[in-house]
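Student: Hey, can you walk me through this one? I'd like to start with the big picture and then zoom in.

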Amino acid sequence: MKDRPRARRSAPPAKTTPNLVLDIRAQSRRWRELGNLASLRALAGEALRAGLSVAPRRPLDGAELSLLLTDDRRIRIVNRDWRGFDKATNVLSFPAAPPERIAKSPLLGDIVVAYETVAREAQAEGKSVPDHFRHLVVHGLLHLLGEDHETEAEARRMEALEVEALARLGIADPYADAELVSEAAPASPEPSRS
């Protein structure tokens, strides 16, 4: 019997976090309460890296993401015009590609965050504004990557991803004392939203 050389097995490729190109714009001066644009970029960058580290879908390395930091008045207009809800909200997401095309799209999409709502929610929930902001950036990113929360099953999945990402940032589970979405939101042909 001859000894045959064993085929070498290579280790599976390491799961690397893709790099995103972040275009950030502060449309409201209220965001200065959290610091200058560089510090806001750093907070958003931490949240994006944490979200990407847990996301089931991977965007193209170098994909571009836009983050607009606005106020309640402006986000209310966007929410009304794109979703039909004439009220302010904390975060909206507008994916540039459907889930099956995310891995090849050079554009990931847009996230819009309103300062006053974020600050009000943070105070009401006993959180810091920077932690709540990072949570909403993670939430918005997951929407861009094809996650949603219109059904209870989707909500459980998305919340679990958020909790895992936030734990990597040292942020406590924001859903620990909250109820899951119990009712599906009406379907809309418009972009995914938060």
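Predicted model: local features only at pLDDT ≥ 70, side-chain atom pairs only at ≥ 80, totals over all residues.

Student: OK, how many helices and strands does the chain have?
Tutor: There are five helices and four strands. Starting at the N terminus, the order is β-α-β-α-β-β-α-α-α.

Student: And how much of the chain is buried?
Tutor: Out of 194 residues, 40% count as buried. The chain exposes about 11,300 Å², and carbon and sulfur atoms supply 50% of that area.

Student: Let's zoom in on His132. Where is it?
Tutor: His132 is in helix H4, which covers residues 129-144.

Student: Buried or exposed?
Tutor: His132 counts as buried, because its relative accessibility is 4% and the cut-off for buried is under 20%.

Student: What does the side chain of His132 make a polar contact with?
Tutor: With the side chain of Glu121, at 2.7 Å. If you skip neighbours within four places in sequence, His132 also touches others, including Val118, Ala122 and Lys127.

Student: Switching to helix H3, which of its residues are buried?
Tutor: H3 spans residues 115-125, and its buried residues are Tyr115, Thr117, Val118, Ala119 and Ala122.

Student: So what covers them?
Tutor: The cover includes strands S2 (63-70) and S4 (107-114), plus helices H2 (72-83) and H4. That H4 is the helix where we found His132.

Notes: Residues numbered from 1 in each chain as written. Heavy atoms only, no water. Helix = DSSP H or I, 4+ residues; strand = E, 2+ residues; numbered from the N terminus. Buried < 20%, exposed > 50% of the residue type's maximum accessible area, 1.4 Å probe, protein only. Areas by Shrake-Rupley, 256 points an atom, 1.4 Å probe, with all protein chains shown as cover. Polar contact = N/O pair within 3.5 Å; in protein donor to acceptor, adjacent residues only side chain to side chain. Contact = heavy atoms within 4.5 Å.
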